[in-house]
Amino acid sequence: MPTRILQAALVLAGCLACGCRSAAPQETASTPAVLPTIVLDEAPGISAGTPVIARGVAIGSVASTKLEQQRVLVVAELDAGHTPTLGAGACVRVGHQGDTVVLELELGEGEVAPPQLERCAAAQPPTPEPQPEPVDPEPQPEPEPEPEPEPEPGPAPTSGAASKPKPKPQKRSCGDDLSFSTLDVIDVSAVPLHLPNGGWRAKIRFTNDGNGFVEIGSVATAAFMDESGAALDVASLPGSGDWFMPFELPPHSNKQVKVTFHHDGGPKPWVDRIKYSWICD
């Protein structure tokens, strides 16, 4: 047997005895990129797997949620190939795509990313343009009164003419010192039986600028309307902490309440008018 063939046979026998294996390159899993921590006051319907979209494109999903003190911390991972640039004013909104809850990412302006992302501020109704003050016309001289004709003699009246009663001065009511303002309106996920199609939750502040105590009636005595004057349908959600029972406003104080409305298929409303009852103590 030639020497080279003998050497090759010995090498092959050694590999079989020792279990030689070819060194194959091992792949390492890349760590997905994450967005800055998202901080929300509440996160109904948001959990691991909730989609994250930006400008209509799905760019990632929620990896985890955690309640820390009074805030909900949300960690979202980006899908491979997506590298959004976050700038000043970047924020998130809780929205819906059909029946699915999604996080909508607003990218902001510039290239300096904020340390954390918070809920975008609610859109405020447009401020009406100031109207020019009316100019008073120049005063005109009053015409001199014409002399009244002397009455013709006639039969004496059988009874005195009835005089018109003088109007009584209107008394100021404690309700004149009450006011309200809508602070925010957010989306609410569907709740079986009570809120089957989802809805909106409005945060409203009542203020008493008067010097007396005032009791605001229950939510059942109130009516709510949007900017167009359309009525909003109040939903009753057990355990939600919404305004339900009457509450008292001391002098020069305010109180914030929450009211949930049924989704009517239209855009998110803004609570523009409220008719409510009150009692002065």
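Buried here means under 20% relative accessible area, and the close-up views below are taken from a predicted model.

**View 1. The aromatic pair of phenylalanine 224 and tryptophan 243.** Tryptophan 243 has a relative accessible area of 7% and is therefore buried, and phenylalanine 224, with a relative accessible area of 2%, is buried as well. A search of the whole structure returns eight aromatic pairs; in one of them, the ring centres of phenylalanine 224 and tryptophan 243 lie 6.3 Å apart with their planes at 80 degrees, so the arrangement is edge-to-face. Distant parts of the chain are linked by this pair, since phenylalanine 224 belongs to strand E11 (residues 223–225) whereas tryptophan 243 is found in the loop between strand E12 (234–235) and strand E13 (247–249), 19 residues apart.

**View 2. The aromatic cluster and a lysine over one of its rings.** Phe180, Phe206, Phe224, Trp243, Phe247, Phe261, Tyr276 and Trp278 together make up one aromatic cluster. Over the ring of phenylalanine 247 sits the charged end of lysine 255, at 5.8 Å from the ring centre.

**View 3. The disulfide between cysteine 91 and cysteine 120.** One disulfide is found in a search of the whole structure, and it joins cysteine 91 to cysteine 120 with an S to S distance of 1.9 Å. The torsion about the S-S bond of cysteine 91 and cysteine 120 is about 95 degrees, so this disulfide is right-handed. Because cysteine 91 lies in strand E5 (residues 91–97) and cysteine 120 in the loop between strand E7 (117–118) and strand E8 (178–188), the pair ties together parts that are 29 residues apart in sequence. Both cysteine 91 and cysteine 120 are buried.

Conventions: Residues are numbered from 1 along each chain as its sequence is written. This is a predicted model: local features need pLDDT of at least 70, side-chain atom pairs count only at pLDDT 80 or more; totals for chains, interfaces and linings use all residues. Side-chain values use heavy atoms; hydrogens and water are left out. Rings of Phe, Tyr and Trp (its six-membered ring) pair if their centres lie within 6.5 Å; planes under 30 degrees apart count as stacked, over 60 as edge-to-face and the rest as tilted. Helices (H or I, at least four residues) and strands (E, at least two) are DSSP runs, numbered from the N terminus. Buried means under 20% relative accessible area, exposed over 50%, partly exposed in between (1.4 Å probe, protein chains only). A charge sits over a ring if NZ of Lys or CZ of Arg is within 6 Å of the ring centre and within 35 degrees of the ring normal. A disulfide is a pair of cysteine sulfur atoms within 2.5 Å.
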